[in-house]
Amino acid sequence: MLKNLEPHKKIITPGSGLAFVDTELSTDKSSTPAKFEAELPQGDAAIKTKTNSKVPARADAKRADAQLDARSEPSSQPKRETPILSRPQTARTLKAALAAPRLAIEKVSPAVDDGCFPVKRSVGDNVRVEADVFMDGHDRISVALLWRTYDVDEWNEVRMRALGNDRWTASFPLERIGRHLFTIEAWRDTWSTLSNELSKKFAARQDVSLDVAEARNYIEQVAAQVEPHPAELDTLLQELAAAIEADAKNAQTANVSASASAVALLVSERTAATLAASDRRAFVLRLDTKFAVDADRPIASFASWYELFPRSQGALSEDHHGTFDDVIMRLPAIRDMGFDVLYFPPIHPIGKSNRKGRNNNLIAAENDLGSPYAIGSAEGGHDAIHPQLGNFDDFARLIKASAEHGLEIALDFAIQCSPDHPWLREHPEWFQWRADGSVRHAENPPKKYEDIVNVDFYAPDGANGPVAPALWLALRDIVLFWVGHGIRIFRVDNPHTKPLSFWQWMIAEVRGRNPDVIFLAEAFTRPKVMARLAKIGYTQSYTYFTWRESKWELTQYLEDLNAQPLREFFRPHFFVNTPDINPRFLQRSGRAGFVIRAALAGFLSGLWGMYSGFELCEAAAAQDGDHSKEEYADSEKYQIKVRSWQQPGNIVGEIALINRIRRNAPALHSHLGLKFHRADNEQVLFFTKTLSAAHDDSIVEDIVLVAINLDPFNVQESYAEFPLYAWGYADDAEFAVEDLVSGNRWVARGKHQTLRLDPGVLPFLVWRITPGQITQNITGT
């Protein structure tokens, strides 16, 4: 054992499995390697049967083949009770078994689909990696976490520590924006095994002189084979020789345990460190999978978004078309509400053909502006600016002014064209044409969208060659064009209606050049499609939050978002409304309902957003006969909206308060770290958000407790049970509380508390709890 210092290196993929059964059904016996007997270990050329008679392995295999052939005659089907033989070829399967890894590495986390897609984190985070690692027998093993950035070939290494039950962990930092890679390597730790056995034997007062000699031989062999030769090994050997000599003298002259000095040296931490640095890593196994982690800007996981139509800004009447300069005038008010991102629907020229009128009317009046989503006219397409908004110099001035106010601009990327888009004239092959020669308009039967047409992502090749590649490149270049003009955030319209393969390719192309770019998926669709969009590259996603109103709906939805696997790659963005969605709750709830929904969005998720007018409690709904629709009356998508931003009844102050609390409470910077707690009133949602230290998740840095009244009409009281045990307190202990609304501080006592929430005053409370001696990881992250 000690002489075999060469590494037995295996590389496998998690979950790949190793099959030692050859399922090849050829009856050609000549496929068995003729020379294999010479490759078998001594004594294995002949295999004993159950009768103890020695039967050559090849003869045994031939007999099994003959039996299988007899049962597999083509003239008859096997009977149902006949067992299925896999027909192993002993030479081949035994050779594979001898070459198989002795160690196993399983259940690596964090990982998305066993490493098929990247995990999402933010720059500055520490990534905690865990895995199950073990081998046969009682020998000691060592495990290392290897990590690097995508643009560097050399791996960094940190030893993983055992958590118990064969689970190992270590962490690595995300110091740069972009992709990081990690994998795991494990091996039989020869020295740790030897020194552990030596220590146990010595403690049991057994004679360990032979063990000391073997340890000395091992160190000498390591010293002879390691290049470059470390001086520490020579020093260790000299000290060991002196210790052995001293032990021999002491054993003759005093009542001292033989080998005491040598054992003390051999089992010391210094010796372990010296040998670890020169470890040849016997039976080493490194996972072939390189698990990816994308480190995004902090604004990718924590931000407050405000959406507005630039053409409505500064409007004193519906005849006044706003400009980028009018948007600049609005920046201080938006900043004062505490927003980080200012998002515009499309700002491009709008087509005139089949233009929609007010309230989505199929017939437009002469002065109707049309929908910004009908992109393209004689003035240009996706790479042009609507001339009434301004020019590119005006746009650059807006970008600069926004940055000065602490705001970042996000643009809408909508892959659709009006019939007037230049592409229909320049590239008709990119679109679908009907039998009568007309272009196929966008449809979602029975709905029709006569003012837009969709591109054909898989257009057939034309006379001049492939068509689809040119379209895909053109769409990518549109995004890169706006990146060149200072845009780093894109909200993408209806990505679930475009090919997933396109998005995976396009996002990789853009982020490969500009890893700070963020993509928000506006995909209100089936859960698995939304998840797949996040896996293939979308940074954030709209969610079903808009329709989750009751306590049990909110609890179940947030617990799902906090659970594996979604927590590793899906960043939920909680918009309280959109130009397309006027939630029914807001239509009937009054002012308090708007505050409730803003508090739920802002305190449950690190990402939340609102469409302008929300702060004014706009709720007038479009009608469908006697029933209201989940849409806005006089929709801003089709006309200029005139507003008085300080009109009575607004909730500007409450929105600013929510964003201030969010900014000052790190635990609220993510949807993770969430736990719901007992409150005996179904109208009171009661939860905590907890943030652990980046370097050690057993250390809690921030605990925020939130209670929200879900009833916009009535005062609600609730008996609540505070999780004092999780904060390091006894059930009847006193604990420090800070009210993040008022700034007041006091000392509360006991886990049983009564909460009172008045929607007419403020329907929520937010308290920071000072933790006691935390004895466990309570975040689940």
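Close-up 1. Glutamate 404 is exposed, with a relative accessible area of 57%; buried means under 20% relative accessible area, exposed over 50%, and partly exposed in between (1.4 Å probe, protein chains only). Lysine 400 counts as exposed at 55% relative accessibility. Their side chains meet in a salt bridge (2.7 Å, N to O), that is, a side-chain nitrogen of Lys or Arg within 4 Å of a carboxyl oxygen of Asp or Glu. Because lysine 400 and glutamate 404 are four residues apart in helix H10, about one helical turn separates them. Helices (H or I, at least four residues) and strands (E, at least two) are DSSP runs, numbered from the N terminus.

The model is predicted: local features need pLDDT of at least 70, side-chain atom pairs count only at pLDDT 80 or more, and totals for chains, interfaces and linings use all residues. Residues are numbered from 1 along each chain as its sequence is written, and side-chain values use heavy atoms, with hydrogens and water left out.

**Close-up 2. Helices H9 and H10.** Two packed helices are described by the angle between their axes and the distance between the axes. The axes of H9 (residues 324-336) and H10 (residues 392-404) cross at roughly 5° and come within 9 Å. Axes are lines fitted to C-alpha atoms, for helices over the stretch in contact, and angles run from 0 to 180 degrees between N-to-C directions. H9 is therefore roughly parallel to H10 (angles under 35 degrees count as roughly parallel, over 145 as roughly antiparallel, 65 to 115 as roughly perpendicular and the rest as oblique). In the contact (heavy atoms within 4.5 Å), H9 supplies Phe324, Asp325, Val327, Ile328 and Leu331, while H10 supplies Asp394, Phe395, Arg397, Leu398, Ala401 and Ser402.

**Close-up 3. Aspartate 296 and arginine 571.** The side chains of this pair meet in a salt bridge (2.9 Å, N to O). The pair links distant parts of the chain, 275 residues apart: aspartate 296 lies in strand S13 (residues 291-296), and arginine 571 in the loop between helix H15 (551-562) and strand S22 (572-575). Aspartate 296 is buried, with a relative accessible area of 2%. Arginine 571 also counts as buried, at 8% relative accessibility.

**Close-up 4. Arginine 159 and glutamate 157.** A salt bridge joins the side chains of arginine 159 and glutamate 157 (3.7 Å, N to O). Arginine 159 is partly exposed, with a relative accessible area of 36%, and glutamate 157 is partly exposed, at 41%. Salt bridges link Glu157, Arg159, Glu185, Arg281 and Arg286 in a network. The structure holds 49 salt bridges.
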